[in-house]
Amino acid sequence: MTGTRDGVLGRAAVGVQEHGGAEQVRVVLPPRYCPLPSAVHPDAGRLNARAAHWLNGYGLCRDGAQRVRMTGNDVGGFYGRIMPRAPGDRLQLAVDWCALMFAFDDQHCDEGPASLRAGDFAGFATRLLRVLEAPGTVPGDDRDPFLAAAGDLAARCRAEGTPVQVRRMVDGHRAWFLGVLWEFGCRLGDRTPSLDDYAHLRQHTAAGTATTSWTEIVDGAEIPGAVMDAPVVRALSELAFTTAAFDDDLFSYGRER
């Protein structure tokens with residue numbers, strides 16, 4: 001989920017620049033072909049502002065570096081491009097989720113030594129999943145503001161979605177968290193995964209199904225299981241997730257280096 005914030009579109013390769021005495025890697029990517037015209041939700045700016053207000057209400061990303069990163073994420077533009085014609089009040093749910101999960105990704109997935117983050121992530125992700133499954137619970141009497149915000153999202157999800165849609169949302173997060181733990185394992189073991197393993201798991205480490213599970217809730221119509229679980233639909237979904245994740249890798253290459 002982290003990479004789409006950090007790239008620049010253009011027609012060059014990778015360069016190293018001196019900036020303030022430190023080396024910075026600048027990645028300028030060639031344009032990528034997409035047969036569909038780009039569309040932006042007309043309320044993207046308002047969705048962003050509401051998401052920031054909602055997140056700040058839980059004491060998250062109010063100031064400092066986290067505030068700067070959050071305001072640069074353009075979560076309204078991100079999900080507004082996925083669903084440019086969705087009703088703004090329903091789309092706000094997905095945009096708020098993006099704002100929260102970008103902050104979660106920064107704090108629990110990206111910062112600090114891998115050995116510390118792996119243990120922290122495993123415990124926290126378990127509690128977060130429980131909150132998504134059963135809003136109103138406070139696992140381990142944990143008053144973490146992330147869990148409080150996630151509980152609000154889960155309650156709103158149940159008010160808008162069907163039981164099947166809610167289950168798919170929770171299952172999408174479970175797949176995401178399992179993928180992140182696999183990634184931690186590779187880093188802790190200083191192990192480079194095979195290309196096949198990486199191509200398979202990258203859709204999950206990029207939160208593929210966790211991200212798109214909200215589209216069905218925002219849209220309102222429940223997709224029948226016989227359709228959603230059909231091999232051809234699953235293959236197309238995996239292709240879409242993996243393509244987006246590989247783009248994410250290209251955009252974040254400079255930051256990761």
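Which residues in helix 1 meet which residues in helix 3? In this predicted model, A44, L47, N48 and A51 of helix 1 are in contact with V75, G76 and G77 of helix 3. By class, the residues of this contact comprise four nonpolar and three polar, with no charged residue. Helix 1 spans residues 44–56 and helix 3 spans residues 75–82; their axes come within 7 Å and cross at roughly 130 degrees. The crossing of helix 1 past helix 3 is right-handed.

These two helices belong to a protein chain with 11 helices and three strands. In sequence order, the pattern is β-β-β-α-α-α-α-α-α-α-α-α-α-α. The protein chain has 257 residues, of which 41% are buried. Of the contacts in the protein chain with a separation of 6 or more, 69% are between residues 24 or more positions apart.

A second helix pair lies further along the chain. Two packed helices are described by the angle between their axes and the distance between the axes. For helix 7 (residues 163–188) and helix 8 (residues 195–205), the angle is about 130 degrees and the axes are 7 Å apart. Helix 7 is therefore oblique to helix 8. Their crossing is left-handed. On the side of helix 7, the contact involves A175, W176, G179, V180, W182 and E183, while helix 8 contributes D197, Y198, L201, H204 and T205. The residues of this contact divide into six nonpolar, three polar and two charged.

Helix 7 also contains R174. With a relative accessibility of 35%, R174 counts as partly exposed, because the value lies between the limits of 20% and 50%. Leaving aside residues up to four places away in sequence, R174 touches L129 and E133. The C-alpha atoms of R174 and T209 are 9.5 Å apart in space, although the two residues are 35 residues apart in sequence.

In the loop between helix 7 and helix 8 is D190, which has a positive phi of about 50 degrees although it is not a glycine. D190 counts as exposed because its relative accessibility is 74%. In the loop between helix 8 and helix 9 (208–219) is A207, which is likewise not a glycine and has a positive phi near 60 degrees. Is A207 buried or exposed? A207 has a relative accessible area of 0% and is therefore buried.

T242 counts as buried because its relative accessibility is 13%, and the cut-off for burial is under 20%. A polar atom of the T242 side chain lies 2.8 Å from the backbone oxygen of E238. When residues up to four places away in sequence are not counted, T242 touches A199 and Q203.

Notes. Residues numbered from 1 in each chain as written. Predicted model: local features only at pLDDT ≥ 70, side-chain atom pairs only at ≥ 80, totals over all residues. Heavy atoms only, no water. Axes fitted to C-alpha atoms, helices over the stretch in contact; angles between N-to-C directions. Helix = DSSP H or I, 4+ residues; strand = E, 2+ residues; numbered from the N terminus. Left-handed = near helix turned anticlockwise from the far one by under 90°. Contact = heavy atoms within 4.5 Å. Nonpolar A, V, L, I, M, F, W, Y, C, P; charged D, E, K, R; others polar. Parallel < 35°, antiparallel > 145°, perpendicular 65-115°, else oblique. Buried < 20%, exposed > 50% of the residue type's maximum accessible area, 1.4 Å probe, protein only. Polar contact = N/O pair within 3.5 Å; in protein donor to acceptor, adjacent residues only side chain to side chain.
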